[in-house]
Amino acid sequence: MTTPRILISEADIQRRVRELAAEISNDYAGEPVTLVGVLKGAFIFLADLSRHLTMPRSIEFMAVSSYGMGTTSSGAVRVLMDLRRSIEGRHVLVVEDIVDTGLTLHYLLELLSTRDPASLKTCALVRKKERHEVDVKVDYLGFDIPNVWVVGYGLDHAEDLRALPYIGVVDPDDETAGE
Ligand code: PRP
């Protein structure tokens, strides 16, 4: 059995999520916002973040594929599930768990900007800047992290470990991680 090593504790995540929510709430100053969570990884971060925001907010999801079950990015991004509602004229905040190569967020921003939102911003819990293959702006960032395989708080290892309350590190080749 290999227990993930804690990289960011539950308390540190919760504190940072509250700080981000306060900053975002202040910036939007009561304007309604559409939060776009990118499945699956963002579901826990989006759930916590959205509960701390103070402006009117609607929640949408998109599902895209980039990694499959493997541990390296193929670079290909495909929309598996699109938004259910129009974002035309809406303030849109894309919420991601992780920005790794940046390809997913870059692609999503290109796509969503063609739909005439009033504004389009990004929020990510963690970012691996050294892995970026494209420049992508994260307006609200939780933590910069090194190039390690992270799990928990929405992030998976072969679909496992998403429900951990902290962000941990595992060896991506360890098939017993989390058992
Ligand atoms: C993760 C994450 C981002 C993407 C970031 O999703 O949720 O969407 O990878 O990687 P990138 O910056 O290299 O494009 P993943 O494809 O692992 O799917 P999941 O969220 O369903 O686990």
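Residues are numbered from 1 along each chain as its sequence is written. In this predicted model, local features need pLDDT of at least 70, side-chain atom pairs count only at pLDDT 80 or more, and totals for chains, interfaces and linings use all residues, while side-chain values use heavy atoms, with hydrogens and water left out.

Visitor: What is the strand order of the open sheet of six strands?

Guide: Helices (H or I, at least four residues) and strands (E, at least two) are DSSP runs, numbered from the N terminus. Two strands pair if DSSP finds at least two bridges between them. The pairing in this sheet is mixed, and the order is β4-β3-β2-β5-β6-β7.

Visitor: Which are the edge strands of that sheet?

Guide: An edge strand here pairs on one side only. Neighbouring strands of this sheet are turned by 30° against each other on average, direction ignored; axes are lines fitted to C-alpha atoms, for helices over the stretch in contact, and angles run from 0 to 180 degrees between N-to-C directions. The edge strands are β4 (78-81) and β7.

Visitor: How many residues of β5 are buried?

Guide: Buried means under 20% relative accessible area, exposed over 50%, partly exposed in between (1.4 Å probe, protein chains only). β5 is largely enclosed by the rest of the structure, because the buried residues number eight of its nine.

Visitor: How many bridges pair β5 with β6?

Guide: On one side, β5 pairs with β2 in the parallel sense over five bridges. There, valine 36 has valine 94 of β5 as its bridge partner. With β6, valine 99 stands opposite arginine 127. The pairing of β5 and β6 is also parallel, and its bridges number eight.

Visitor: What is the bridge partner of valine 126 in β7?

Guide: Strand β6 (residues 119-127) pairs with β7 in the parallel sense, over four bridges. β7 (residues 140-144) is mostly covered, with four of its five residues buried. The partner of valine 126 is phenylalanine 143.

Visitor: Which residue of β9 stands opposite valine 151?

Guide: A second open sheet has three strands in the order β1-β9-β8, with antiparallel pairing. Its edge strands are β1 (5-8) and β8 (149-151). β8 joins strand β9 (residues 167-170) through three bridges. The residue opposite valine 151 is glycine 168.

Visitor: Which element gives the most residues to the shell around the ligand?

Guide: A residue is near a molecule or strand if one of its heavy atoms lies within 4 Å of it. Of the 17 residues around the ligand, Glu96, Asp97, Thr101, Gly102 and Thr104 come nearest. The elements giving two or more residues to the shell are β2 (33-39), β5 (91-99) and α3 (103-113). With four residues, the one that gives the most is β5.

Visitor: How much of the ligand's own accessible area does the protein cover?

Guide: A polar contact is a pair of N or O atoms within 3.5 Å; within protein, one must be able to donate a hydrogen and the other to accept it, and residues adjacent in sequence count only if both atoms are side-chain atoms. Ligand oxygen atoms lie 2.8 Å from a polar backbone atom of glycine 41, 2.4 Å from an N or O atom in the side chain of threonine 104 and 3.0 Å from a polar side-chain atom of arginine 162. Areas come from the Shrake-Rupley method with a 1.4 Å probe; for residues, only the protein chains shown count as cover. Of the 500 Å² that the ligand has on its own, the protein covers 92%.

Visitor: Is arginine 162 buried or exposed?

Guide: Arginine 162 is found in the loop between β8 and β9. Its side chain makes a polar contact of 2.9 Å with the side chain of glutamate 159. Its relative accessible area is 14%, so arginine 162 is buried.

Visitor: Which lysine joins glutamate 159 in a polar contact?

Guide: Glutamate 159 is found in the loop between β8 and β9. At 36% relative accessibility, glutamate 159 counts as partly exposed. The side chains are joined at 3.0 Å, and the partner is lysine 40.
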